[in-house]
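Morning, everyone. Here is the model for today.

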Amino acid sequence: MKRQNHLMLTLSCLFFVQCEDGMRPNTLDEIHSITMEPGQIYTLIFTQILDTLPSQTTYAGREELLKTPLHDLVAKGIIIKADDLKAQFTENWQRFFMLMDIYQIPHSAGLICQTIRNLSPANRQNLSDRLEAQCELWLHGWDHFLSDSRAEFQGASFQEQYQHLRWSLDLVYRELSYTMHTFGAPGNRIDDHTAAALLAIPELIVWLWGKPVPGLFTIPITAVAESSTGVARDLDSFQARFQRYGSEDVITLQIHPNLWSDDDFTRFTAALDTLILLDAYAFMTPYQYYTRVMDRDFITVTKVDSLTYQLDFTRTNFPHTIFFADRFTLWSENLP
Ligand SMILES: [Zn+2]
């Protein structure tokens, strides 16, 4: 069965949530995903058989979980890293986000944060809608300053770098009630002060193309999706580059959709069409990838019978949103 199953979700997906006391079953329409909270145990009863795994068996560890309905949680990651978002969505950005919505895949956009000062209600709504649509907004600088000799996070003092991070986080929280957890420097240009400035901001944990520093979670960027800034690779070139990084746990597709032509959109769409078929990978945002790496060794799945699975999240630290292609009934245990 194809594991990257988001596209197969039906809009009529329907399941029931039953409280522990069994008194008040709630019918929820059009829910495509559920969020597994830390400390909880969930029992899912599917309407059709999903695998041939033996029943009455507990599965743990990445290799075993890959065979269970939780496979996306432990799959390798594909991170879409779209750079240079501003408060006012251009036509290209709207087109890119529409593409993400059609594929229903988690994605991320690097926000140039000072652009959301004096945010109009329409722009605020657009950004909020993005956050609802599986998009992670990450900190791509306060002003995105770049020159030949200096950059916003290269050649500036610790205090200046810290200030730009702090202003950005505070403004985004004030305007969107949203805490950013991920940072990626403009031009990916950094210096020795950058790590210290990031470590001084507790909210920021994930560093795209950062230095390996204790206390920060760095994610490499691979030059897979674009051949140069704003130029999407054709399918052959894309696939060759993607395979080159086949041993990596995560592949980050850095893109600049605001610079794309029609041809770039067409080429990137062709690449997406191949990626959604890959069983071993799942799309995730940078922070999602971090939470999965942190928790994936602490989740167990018990196949109770041919249709019933018990998912144990009692040893995890983060919520995890999971998509299922198939209809199921959810019995959530340990509800407050
Ligand atoms: Zn940029």
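On one side of helix 3, Glu 91, Gln 94, Met 98 and Ile 102 are exposed. Helices are DSSP runs of H or I with at least four residues, strands are E runs of at least two, and both are numbered from the N terminus.

Two notes on the source. This is a predicted model: local features need pLDDT of at least 70, side-chain atom pairs count only at pLDDT 80 or more, and totals for chains, interfaces and linings use all residues. Residues are numbered from 1 along each chain as its sequence is written.

Back to helix 3. Phe 96, Phe 97 and Met 100 are buried. Just after helix 3, Gln 104 has a positive phi of about 55°.

Now the largest nonpolar core: buried Ala, Val, Leu, Ile, Met, Phe, Trp, Tyr and Cys residues joined through C-beta atoms within 7 Å. The core has 68 residues, and Ile 79, Leu 111, Leu 139, Ala 225 and Leu 253 touch the most other members. Strand 6 gives the largest share, 5 residues.

Finally, the whole chain. The protein chain has 9 helices and 19 strands. Of its 336 residues, 36% count as buried.

Notes
Buried ≥ 20, exposed ≤ 12 C-beta atoms within 10 Å, placed from the backbone.
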